[in-house]
Amino acid sequence: MSKIKVVAGDQGATCDMTCATKENSVCVPEAITRINNCETLQAHFKCEGGCLSVSFGEDQPAYVVPTAMRQYQPGACLVNQRPDMMTCGGVHERTRRLCPCQKKRKLAA
């Protein structure tokens, strides 16, 4: 298995979209739990609103964009407390996903 690369997605993009467009790769759903922590989020985003580990959603782990309304906690990094909700297809219009991407395997000719 090739190495996982952690990639910061654009606002409102799924990890499937992020991996395909930024890395020509695929999202690895089983690797989301390995990057679901404050340390990894802070290595890719400012997290100026802090790192919150009392959150959950299909779009997490993620960073809430600074332009989000106050109730969404702008600038916060969100650690997902529900591993069963972690997907490559989750998206939210006010967050940027943190995505585990892996190069596509080349098929033998």
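How exposed is Arg 82, given as relative accessible area? Arg 82 is partly exposed, at 34%. Keep in mind that the model we are looking at is predicted.

**Salt bridges**

Let's stay with Arg 82 for a moment. The side chain of Arg 82 meets that of Asp 84 in a salt bridge, with 2.8 Å from N to O. Asp 84 is exposed, with a relative accessible area of 58%. In total, the structure holds four salt bridges.

Another of them pairs Glu 23 with Lys 5, at 3.3 Å from N to O. Glu 23 belongs to helix α1 (residues 15-23) and Lys 5 to strand β1 (residues 5-11), so this contact ties together parts that are 18 residues apart in sequence. Glu 23 counts as buried at 18% relative accessibility, because the cut-off for buried is under 20%. Lys 5, at 45%, counts as partly exposed.

Glu 93 and Arg 94 also meet through their side chains in a salt bridge, at 3.0 Å from N to O. Here Glu 93 is exposed, at 52% relative accessibility, while Arg 94 is buried, at 17%.

**Disulfides**

The count of disulfides comes to five. Three of them are set out here:

| Pair | S to S distance | Angle about the S-S bond |
|---|---|---|
| Cys 15 and Cys 99 | 2.2 Å | -85° |
| Cys 19 and Cys 101 | 2.0 Å | -80° |
| Cys 27 and Cys 88 | 2.0 Å | -75° |

The link of Cys 15 and Cys 99 is left-handed. Cys 15 lies in helix α1 and Cys 99 in strand β6 (residues 95-103), so the pair ties together parts that are 84 residues apart in sequence. Both Cys 15 and Cys 99 are buried.

The link of Cys 19 and Cys 101 is left-handed too. This pair joins distant parts of the chain, with Cys 19 in helix α1 and Cys 101 in strand β6, 82 residues apart. Cys 19 is buried at 0% relative accessibility, and Cys 101 is buried at 2%.

Cys 27 and Cys 88 likewise form a left-handed link. Cys 27 sits in strand β2 (residues 25-27), and Cys 88 in the loop between β5 (77-80) and β6, 61 residues apart. Cys 27 and Cys 88 are both buried.

With the bonded cysteines numbered in sequence order, the pairing reads 1-9, 2-10, 3-8, 4-6, 5-7.

**Glu 39**

Finally, a look at helix α3 (residues 38-44), where Glu 39 is found. Glu 39 is exposed, with a relative accessible area of 66%. Glu 39 and Gln 102 are 63 residues apart in sequence, and their C-alpha atoms are 21 Å apart in space.

Notes:
Residues numbered from 1 in each chain as written. Predicted model: local features only at pLDDT ≥ 70, side-chain atom pairs only at ≥ 80, totals over all residues. Heavy atoms only, no water. Helix = DSSP H or I, 4+ residues; strand = E, 2+ residues; numbered from the N terminus. Buried < 20%, exposed > 50% of the residue type's maximum accessible area, 1.4 Å probe, protein only. Disulfide = S-S within 2.5 Å.
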